[in-house]
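Visitor: Please pick one part of this model and look at it closely. Then show how that part relates to the rest of the chain.

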Amino acid sequence: MRVSTKIKAHARERAKALAVAVGFEEAGQKAAGGALSHTQAHKVIADIYQRATGSALDFDTWESWSAKWVAGKGAAKSRATTTKYRQIVDSFSAHLGPTAKHPIGRIQPSDIVEWRRKLLAAGRTSRTANGMVAILSLCFNGAKRIGRIDLNPANAVETLKEDHMQRDVFTPAQIGKLLANADEELRIMILFGLCTGARISDAASMTWGNLNFDRNLADWKAQKTNKRMQVPFHPMLARWADSAPRGQPSDPIMPRLAGLTAQGLSFHFGKVMEAAGIQGEKRKATGKGRTQSTLSFHSLRHSFNSAMANAGVSQELRRKLTGHSSDAMNDGYTHHELETLRTAVSAARIEV
């Protein structure tokens with residue numbers, strides 16, 4: 001077998017050239033005999049590299065790289081987000097099986113497509129599956145940036161058409177039952193969902209620093225959209241805030257719930273609904289999504305929006321308060337704008 005070693009034939013380099021040539025010869029013999037697997041080939045290359053340079057060839061498996069990537073996110077992301085990332089990469093690792101211990105460059109788009117197919121078969125919605133693939137793509141992009149892979153296999157996976165299902169709103173009587181059957185932290189989480197329109201993870205992650213008592217408003221950055229949200233206290237939330245013992249700005253208002261994933265939070269809210277004897281209608285979302293209830297924590301967000309609509313609050317103001325506007329939220333509102341929003345929130349008749 002004639003292969004160039006790409007090493008110049010100076011006397012001091014001949015030993016390196018010979019080591020590389022011997023490595024190529026051994027690899028060729030194994031390949032000819034059908035005894036060279038993908039993993040063995042990588043080991044041969046690593047061995048040749050070490051013979052030639054005296055240094056070990058640095059490479060990552062999917063398992064090792066994804067673990068480092070998630071650990072690196074811990075400093076920049078919330079604990080709940082880091083936990084979510086870890087669960088997603090672990091799910092993909094479990095799908096890969098032994099391949100998770102192979103070099104990361106071996107992963108193909110078909111591996112991701114098959115994993116997504118299993119997620120859908122297990123009842124995940126296409127929207128959830130798309131989001132999980134997007135997290136994998138971030139992980140692969142990190143590997144690409146430092147030269148572990150040349151291409152991101154997730155980029156070749158087409159996005160699924162997402163499911164949509166009409167949500168119902170809770171009646172005042174149902175809201176009263178939810179609050180009566182929830183423990184202290186879940187009751188506070190429900191209040192935030194109902195009175196600010198916060199999504200479940202945002203509501204549970206509120207810290208005392210997210211509450212501006214001088215201006216009587218909740219101020220947080222939405223995890224889903226990365227928008228800054230500023231929502232004046234509804235009278236119901238203001239009554240709770242006036243009597244609540246306050247912690248330090250960095251302290252979570254709901255310590256037990258703050259570290260849970262959205263799925264874990266939804267599970268606990270579902271238990272409250274069950275205890276309250278509340279059950280939504282079971283409907284199948286469009287596409288291949290699983291059957292879901294028309295009532296969930298997200299229905300509180302709809303209740304918040306609907307209460308303002310019923311009070312005659314304009315769609316423009318409702319969009320600002322729920323974050324549905326396509327424009328980024330301003331760093332702060334003028335006094336006039338804030339008072340307009342405060343009036344809009346106060347107009348919402350939320351009764352229990």
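Guide: The answer starts with paired strands, moves on to aromatic rings and ends with the nonpolar cores and cysteines.

First, the ground rules. This is a predicted model, where local features need pLDDT of at least 70 and side-chain atom pairs count only at pLDDT 80 or more, while totals for chains, interfaces and linings use all residues. Residues are numbered from 1 along each chain as its sequence is written, and side-chain values use heavy atoms, with hydrogens and water left out.

The chain holds 15 helices and five strands. These are DSSP runs numbered from the N terminus: H or I over at least four residues for helices, E over at least two for strands. Of the 352 residues in the chain, 42% are buried. Buried means under 20% relative accessible area, exposed means over 50%, and partly exposed lies in between, with a 1.4 Å probe and protein chains only. A contact is a case of heavy atoms within 4.5 Å. Among contacts with a separation of 6 or more, 65% are between residues 24 or more positions apart.

Strands pair if DSSP finds at least two bridges between them. Strand β1 covers residues 211-212 and runs antiparallel to β2, joined by two bridges. Across that pairing, Leu 211 faces Ala 218 of β2. The two strands make a hairpin with four residues between them. In its turn, Asn 216 has a positive phi of about 55°.

Next comes β3, residues 228-232. Its pairing with β2 is also antiparallel and has five bridges. Lys 221 is bridged to Arg 228 in β3. This hairpin has six residues between the strands, and here Asn 226 takes a positive phi near 65°. Strand β2 itself spans residues 217-221; four of these five residues are buried, so β2 is largely enclosed by the rest of the structure.

The rings come next. Rings of Phe, Tyr and Trp (its six-membered ring) pair if their centres lie within 6.5 Å; planes under 30 degrees apart count as stacked, over 60 as edge-to-face and the rest as tilted. The whole structure has ten aromatic pairs. In one of them, the rings of Phe 92 and Phe 140 have centres 6.5 Å apart and planes at 80°, so the pair is edge-to-face.

Phe 213 sits in the loop between β1 and β2, and Phe 233 in the loop between β3 and α10 (235-243), 20 residues apart. Phe 213 is partly exposed at 21% relative accessible area, whereas Phe 233 is buried at 7%. Phe 213 has a charged neighbour too: the charged end of Arg 246 sits over its ring, 3.6 Å from the centre. The criterion is NZ of Lys or CZ of Arg within 6 Å of the ring centre and within 35 degrees of the ring normal.

A nonpolar core is a set of buried Ala, Val, Leu, Ile, Met, Phe, Trp, Tyr and Cys residues joined through side-chain atoms within 4.5 Å. The largest has 46 residues; Phe 170, Leu 178, Met 189, Phe 192, Trp 240 and Ile 253 touch the most other members. Elements giving two or more residues include β2, β3, α10 and α7 (172-181). Helix α8 gives the most, with eight residues. Apart from residues up to four places away in sequence, Leu 178 touches Phe 170, Ile 190, Phe 269, Val 272, Met 273, Ala 276 and Ile 278. A second, separate core has 25 residues, including Trp 62, Ile 88, Val 133 and Ala 143.

Last, the cysteines. The structure has zero disulfides, where a disulfide is a pair of cysteine sulfur atoms within 2.5 Å. Cys 139 is buried at 0% relative accessibility. Cys 195 is buried as well, with a relative accessible area of 0%.
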